[in-house]
Amino acid sequence: MNIIDELEKEYLKPKLPEFNVGDTVKVHLKITEGDKERLQVFSGQVIARKGRGINSSMTVRKISYGEGVERVFLLNSPKIAKIEIAKKEAARRAKLYYTRKGVARRAL
Amino acid sequence: MKIYKMGILGKKLGMTQVFTDDGKAVPVTVVQSGPCTVVQIKGDTSGDYSAIQLGFDDPREKSLSKSIKGHFAKAKTASFKILREIRLPSEETKGFSVGQVITADIFTENDFVDVSGVSKGKGFAGVIKRHHFHGFDAGHGTHECFRHGGSVGQHTFPGRIFRGMKMSGHMGNAQRTVQNLKVVRVIKDKNLLLIRGAVPGPTGAYLVVKKAIKKKPRPAAKKGGA
């Protein structure tokens, strides 16, 4: 696996911010429109972290106009310009999938 | 008419994913491709076909027989673990010489390749795994036959089972070729090919990577296109 590890290293970001499940983050995304590039911010709560190394990803959930929206990001993707930690929060679980249910009930 | 394309021997090192310049994650298989040495050139004179014979990977000394040692001694090359012939038109074989080293740089990015190898053995497999049959309902009164194939024929006429009927049996561990895989990256100094998608066999399997017989590389896409 050594060669593959070395290869993956080229694509890994030198430093990822430290954050945990439960934290609220602001993900700055590079969006290309034609030949122009701009940044878009997706902010929400991290409800899951998965994978390791080049495969590592997180699921961010936010409530947009009363509707729950989730996006999965590959942490080492070059499309992510920056991950900002807006709020630290201790979660009692590794995956906060239960938050989906709570919102649905509130909506009813 | 058969088309013969240049190829190289390789070893599957495993899979991972990489990011392209525009930020897309691409699943790739890493293949150690070469260095291969030309051990023999078969022209039309030495048989009824023309090919080049390539050697790849270091062998265990004790596993080499005298006859194969003699073969390498005749070619004045080092010994190799794997010998495979790449069939080529006779006019193309003239471009090679015995002892010549072939490396991964016969391919470039965005080339399409066909990858052959021996697929993973699955043993005696049922029809669901082997032929993608659907099986039967888990409920609604299904009794015992959840993963069976169902009927295989008709009645007194034709009174036999048609040839080639899909049934359970041995699956895998057979030579397979995956066509039209894209070369995502070539790492020349390490002789590595990053090929998009999966290739036959387990990690460590020996492969033959050839230029695709069907698909041709597209000219580089315009940058900044919608």
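## Chain A: order of elements and extent

Read from the N terminus, the elements of chain A follow the order α-β-β-β-β-β-α, which amounts to two helices and five strands, where helices (H or I, at least four residues) and strands (E, at least two) are DSSP runs numbered from the N terminus. This is a predicted model, in which local features need pLDDT of at least 70 and side-chain atom pairs count only at pLDDT 80 or more, while totals for chains, interfaces and linings use all residues. Residues are numbered from 1 along each chain as its sequence is written, chains are lettered from A in the order in which they are written, and side-chain values use heavy atoms, with hydrogens and water left out.

Taken along the principal axes, the C-alpha atoms of chain A fill a box of roughly 50 × 40 × 20 Å. Of the 108 residues of chain A, 31% count as buried, a term that stands for under 20% relative accessible area, with exposed meaning over 50% and partly exposed in between (1.4 Å probe, protein chains only).

## Aromatic pairs

Over all chains, a search of the whole structure finds three aromatic pairs, defined by rings of Phe, Tyr and Trp (its six-membered ring) with centres within 6.5 Å, and classed as stacked for planes under 30 degrees apart, edge-to-face for over 60 and tilted for the rest. One of them joins Phe42(A) and Phe73(A), whose ring centres are 5.8 Å apart and whose planes stand at 65°, so the pair is edge-to-face. Because Phe42(A) lies in strand β2 (residues 36-50) and Phe73(A) in strand β4 (residues 67-74) of chain A, this pair ties together parts that are 31 residues apart in sequence. Both Phe42(A) and Phe73(A) are buried.

In chain B, the rings of Phe72(B) and Phe80(B) have their centres 5.8 Å apart and their planes at 70°, so this pair is edge-to-face. Phe72(B) counts as buried at 1% relative accessibility, and Phe80(B) is buried with a relative accessible area of 10%.

## Surface patches of chain B

Patches are made of residues with over 30% relative accessible area and no salt bridge, like charges being joined within 9 Å and nonpolar side chains (Val, Leu, Ile, Met, Phe, Trp, Tyr) within 5 Å; a salt bridge is a side-chain nitrogen of Lys or Arg within 4 Å of a carboxyl oxygen of Asp or Glu. A surface patch of positive charge gathers Lys120(B), Lys122(B), Lys129(B) and Arg147(B). Arg147(B) is placed in the loop between α3 (127-131) and β9 (169-171) of chain B and is exposed, with a relative accessible area of 55%.

Ile161(B), Phe162(B), Met165(B) and Met167(B) make a nonpolar surface patch of about 320 Å². Met167(B) is found in the loop between α3 and β9 of chain B, and at 35% relative accessibility Met167(B) counts as partly exposed.

Key:
Areas by Shrake-Rupley, 256 points an atom, 1.4 Å probe, with all protein chains shown as cover. Lys, Arg positive; Asp, Glu negative; His and termini not counted. Charge placed at Lys NZ, Arg CZ, Asp CG, Glu CD.
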